[in-house]
Number of protein chains: 2
Amino acid sequence: MPRVKQFCEEDVLKKAMELFWEKGFHATSMQDLVSHLGINRASLYDTYGGKEELFDAAFKHYRESAVGWLEDVFQSESSIKAGFKRLFSTAIQEAVTDQCRKGCFVVNTTTELVPGNQKIDRTLVEHKAHMEDLFITYIQRGIENGEIPAHKDAQEIGLMLFTLYNGIRVVSKVDTDTKKLQKVVDSGLSVLN
Amino acid sequence: MPRVKQFCEEDVLKKAMELFWEKGFHATSMQDLVSHLGINRASLYDTYGGKEELFDAAFKHYRESAVGWLEDVFQSESSIKAGFKRLFSTAIQEAVTDQCRKGCFVVNTTTELVPGNQKIDRTLVEHKAHMEDLFITYIQRGIENGEIPAHKDAQEIGLMLFTLYNGIRVVSKVDTDTKKLQKVVDSGLSVLN
DNA sequence: TTTTATTTGGAACAATCATTCCAATATAGA
DNA sequence: TCTATATTGGAATGATTGTTCCAAATAAAA
């Protein structure tokens with residue numbers, strides 16, 4: 001009768017996420033996954049269907065935790081500028097620290113799989129819209145409470161900072177010079193003044 | 001005795017570049033290349049050695065034409081701001097026009113193959129340094145001739161605009177809304193004032 | 001314990017991968 | 001012409017791809 005999975009699906013997704021994140025969809029083989037997930041090949045197909053579905057699940061896991069974390073940051077920081085500073089400095093620290101140089105899973109997937117199947121395309125469009133909305137709404141809040149000059153265009157600045165964020169995830173894969181990356185952030189955030 | 005290639009190597013490189021650019025290294029098969037380059041499989045191996053060497057050659061072809069084009073733009077435009085505007089608006093137009101949504105070959109390669117073999121890593125580091133130098137020197141020129149306020153930090157702005165440029169190449173693969181992309185550019189270029 | 005559901009290891013599959021080889025053909029210079 | 005080099009089509013290589021299947025083992029529910 002009703003039964004419970006004997007392996008921890010969260011752990012499997014986490015490890016699958018790491019693999020796809022580091023090597024990309026095409027360069028990650030099912031053999032890689034079977035070797036590292038700690039789950040049998042048959043169970044893997046039984047649970048997820050196939051490589052593409054497993055990728056979708058792992059990618060979704062990444063996006064949800066990334067968005068959740070960002071919402072936390074934007075909600076918990078005392079000022080709008082502090083929120084953005086923490087967002088960017090975390091990205092820099094992640095890039096400098098991570099030995100694998102994985103970068104951002106969303107950016108990697110965008111450049112590898114777009115344009116691909118419609119499902120991935122739609123997912124990325126929706127995710128981008130959600131992220132932009134978070135950025136813009138957050139800036140709007142800063143304008144309303146007087147932290148950011150009222151004449152500023154929240155959408156314009158929000159879109160720019162989101163784009164810059166994506167750029168940082170790219171360039172920091174090649175060059176992890178913290179000082180240079182910090183200059184990029186300083187210059188970018190100057191639009192908030 | 002000395003002999004001349006019977007196929008045009010420039011055309012072959014161009015077509016190989018298009019394929020690798022669009023689909024990436026791993027997703028492009030030798031069969032794809034043989035089918036589209038108009039050159040025989042044996043000749044291909046005879047001339048380049050293998051898939052990786054062919055990729056290197058095609059990637060080099062891209063970088064050289066891209067850098068050459070950028071140098072032209074920066075040299076020919078009347079003002080520094082006009083130079084950057086043309087750089088960015090060309091990127092936007094390319095993103096909006098291209099049905100394949102190829103994006104930027106350098107960005108795609110960075111996210112797909114870093115960290116990979118040392119050769120690619122070194123190539124990307126050198127290319128980034130070269131591009132940043134072009135950006136920074138160009139801004140420095142604007143400061144010296146009075147177009148850009150003297151108190152501005154050329155390196156800081158140059159690094160930021162280069163990073164933003166990379167970001168645009170990413171986000172424009174997902175969303176080709178010209179107005180939004182133009183806002184990103186406007187906001188980014190505001191640091192020159 | 002018996003029953004039912006889940007996981008396992010491993011074999012097997014057909015397809016595709018990058019690469020090599022070769023005999024035949026074509027093209028150039030002598 | 002003759003000779004040397006290039007290019008061709010196609011077969012063959014061995015490795016790896018994603019996927020399916022199955023009998024044995026394991027674990028939970030009855």
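Two residues count as in contact when their C-beta atoms, placed from the backbone, lie within 7 Å. By that rule, the contact between the two chains of this predicted model takes 38 residues from chain A and 38 residues from chain B.

**The side of chain A that touches chain B**

Four helices of chain A each give two or more residues to this side: H6 (105-113), H7 (118-144), H8 (154-174) and H9 (178-189). The largest share comes from H8(A), with 14 residues. By residue class, the side of chain A that touches chain B divides into 16 nonpolar, 13 polar and nine charged residues.

**How the two copies are related**

Two copies of a chain are related by a rotation about an axis and a shift along it. The same surface serves both copies, since 100% of the contact residues of chain A recur in chain B.

**Chain A as a whole**

Chain A has nine helices and zero strands. Along the sequence, its pattern reads α-α-α-α-α-α-α-α-α. Taken along the principal axes, the C-alpha atoms of chain A fill a box of roughly 60 × 40 × 30 Å. Chain A has 193 residues, of which 36% count as buried. Among contacts in chain A between residues at least 6 apart in sequence, 63% join residues at least 24 apart.

Two packed helices are described by the angle between their axes and the distance between the axes.

| Helix pair | Angle between axes | Distance between axes |
|---|---|---|
| H7(A) and H8(A) | about 130° | 8 Å |
| H7(B) and H8(B) | about 130° | 8 Å |

In chain A, H7(A) and H8(A) are therefore oblique to each other. The crossing of H7(A) past H8(A) is right-handed. On the H7(A) side, the residues that meet H8(A) are Met131(A), Glu132(A), Phe135(A), Ile136(A), Ile139(A), Gln140(A) and Ile143(A). Their partners in H8(A) are Ala154(A), Gln155(A), Ile157(A), Gly158(A), Leu159(A), Leu161(A) and Phe162(A). The residues of this contact divide into 10 nonpolar, three polar and one charged.

In chain B, H7(B) (residues 118-144) and H8(B) (residues 154-174) pack at an angle of about 130°, which makes H7(B) oblique to H8(B). Their crossing is right-handed. Residues from H7(B) in the contact include Met131(B), Phe135(B) and Ile139(B), and those from H8(B) include Ala154(B), Gly158(B) and Phe162(B). The contact of H7(B) with H8(B) divides into 10 nonpolar residues, three polar and one charged.

**A residue in H7(A)**

His130(A) lies in helix H7 of chain A. His130(A) has 13 other C-beta atoms within 10 Å, so His130(A) is partly exposed. From His130(A) to Thr28(A) the separation is 102 residues in sequence and 28 Å in space, C-alpha to C-alpha.

How values were computed: Residues numbered from 1 in each chain as written. Chains lettered and ligands numbered in written order. Predicted model: local features only at pLDDT ≥ 70, side-chain atom pairs only at ≥ 80, totals over all residues. Axes fitted to C-alpha atoms, helices over the stretch in contact; angles between N-to-C directions. Parallel < 35°, antiparallel > 145°, perpendicular 65-115°, else oblique. Left-handed = near helix turned anticlockwise from the far one by under 90°. Nonpolar A, V, L, I, M, F, W, Y, C, P; charged D, E, K, R; others polar. Buried ≥ 20, exposed ≤ 12 C-beta atoms within 10 Å, placed from the backbone.
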